[in-house]
Amino acid sequence: MSEQRVVVVTGASRGIGRAIAVEMAAPNTHVVINYNSNPESAEQTASLVQSRGATSSAMQFNVADPDAVKAAFDRIIDAHGHIDVLVNNAGIARDNLLAIMKPAEWDDVMATNLKGAFLCSQAVIRPMMRRRFGRIVNVTSVVAATGNPGQCNYSAAKAGIIGLTKSLAREIVSRKITVNAVAPGYIETDMTAALPPKAREALLAQIPAGRPGAPEEVAAAVAFLASDAAGYITGQVIHVNGGMFMG
Ligand code: NAP
């Protein structure tokens, strides 16, 4: 049997991350399901992943904590020997108008959404370089391209993810490692359920497809970028948004 494919998905206890973990699940694959605060949800993701013939492990760590990230990835490498795919999906929103945004709202969003992707990418990069293979897929957002009132922190972090994606892609393309991003539009998850009804209506009105997206529709794009077939695609951003923004 060929070597097991090892996939790490951050923020996989719920929403888009869960759909990505499930989409990547297949026989001869191990999926590491990272979460922060929700062990029960992470275990539900693990059951779904296993029902598709993969093995899985749920691992709690805060992607913004350098020591926790290093310890977690050291454990993954010790257990499995290598990591083929990293999906930097973990994210939070702390929406507020800039005039009244608290420094902590800025810092928390930057730490989880941007620093987290940096730390996890750094943790996999040497093992991937040694193996001369790897796929990193970062989850950004349509608002990185369009902006959104109330989301100066979030859109700046997500735009930062795109810069990180392109620079790292250039650094490691010669090692057969690709780095790409997927930019979801309005996807139905806990994150968007928290929006006030008026904000949701305003978002829906901007979507030519006339409906929100499903997490599985984002997961399909991530899985393609993580596949062997996508080996010549790097430094790109795929928008999954029902026509809301066309780059
Ligand atoms: P969600 O339903 O709120 O789930 C967020 C996930 O991130 C959870 O699994 C959560 O873990 C995890 N997480 C949060 N902080 C973390 C931390 N410090 N360390 C590790 N994990 C952490 O969000 P979602 O809608 O699925 O969003 C997933 C990604 O897509 C995010 O990057 C988001 O910005 C992006 N996105 C979403 C939309 C949308 O419309 N939903 C649009 C564009 C982009 P716990 O459950 O343990 O807390």
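## Tour: ligand site, then helix packing

Start at Ser 37: one of its polar backbone atoms is 2.5 Å from an oxygen atom of the ligand. That is a polar contact, meaning a pair of N or O atoms within 3.5 Å; within protein, one must be able to donate a hydrogen and the other to accept it, and residues adjacent in sequence count only if both atoms are side-chain atoms.

Before moving on, note that this is a predicted model, in which local features need pLDDT of at least 70, side-chain atom pairs count only at pLDDT 80 or more, and totals for chains, interfaces and linings use all residues. Residues are numbered from 1 along each chain as its sequence is written, and side-chain values use heavy atoms, with hydrogens and water left out.

**Stop 1: around the ligand**

Select Asn 36. A backbone N or O atom there lies 2.8 Å from an oxygen atom of the ligand. Now pick Gly 185, where a polar backbone atom is 3.3 Å from a ligand oxygen atom.

**Stop 2: α1 and α9**

Select residues 15–24 for helix α1 and 215–226 for helix α9. Helices are DSSP runs (H or I, at least four residues), numbered from the N terminus. The two axes come within 8 Å and cross at roughly 50 degrees. Axes are lines fitted to C-alpha atoms over the stretch in contact, and angles run from 0 to 180 degrees between N-to-C directions. The pair is therefore oblique. Angles under 35 degrees count as roughly parallel, over 145 as roughly antiparallel, 65 to 115 as roughly perpendicular and the rest as oblique.

Show the side chains. The contact (heavy atoms within 4.5 Å) includes Ile 16, Ala 19 and Ile 20 of α1 and Val 218, Val 222 and Ala 226 of α9.

**Stop 3: α1 and α2**

Arg 18, Ala 21 and Val 22 of α1 meet Ser 41, Gln 44, Thr 45, Leu 48 and Val 49 of α2.

**Stop 4: α3 and α4**

Go to helix α3 (residues 66–80) and helix α4 (residues 103–131). Their axes come within 10 Å and cross at roughly 35 degrees. From α3, select Pro 66, Val 69, Phe 73 and Ile 77. They meet Lys 115, Leu 119, Cys 120, Ala 123, Val 124 and Pro 127 of α4.

Definitions and conventions: Helix = DSSP H or I, 4+ residues; strand = E, 2+ residues; numbered from the N terminus.
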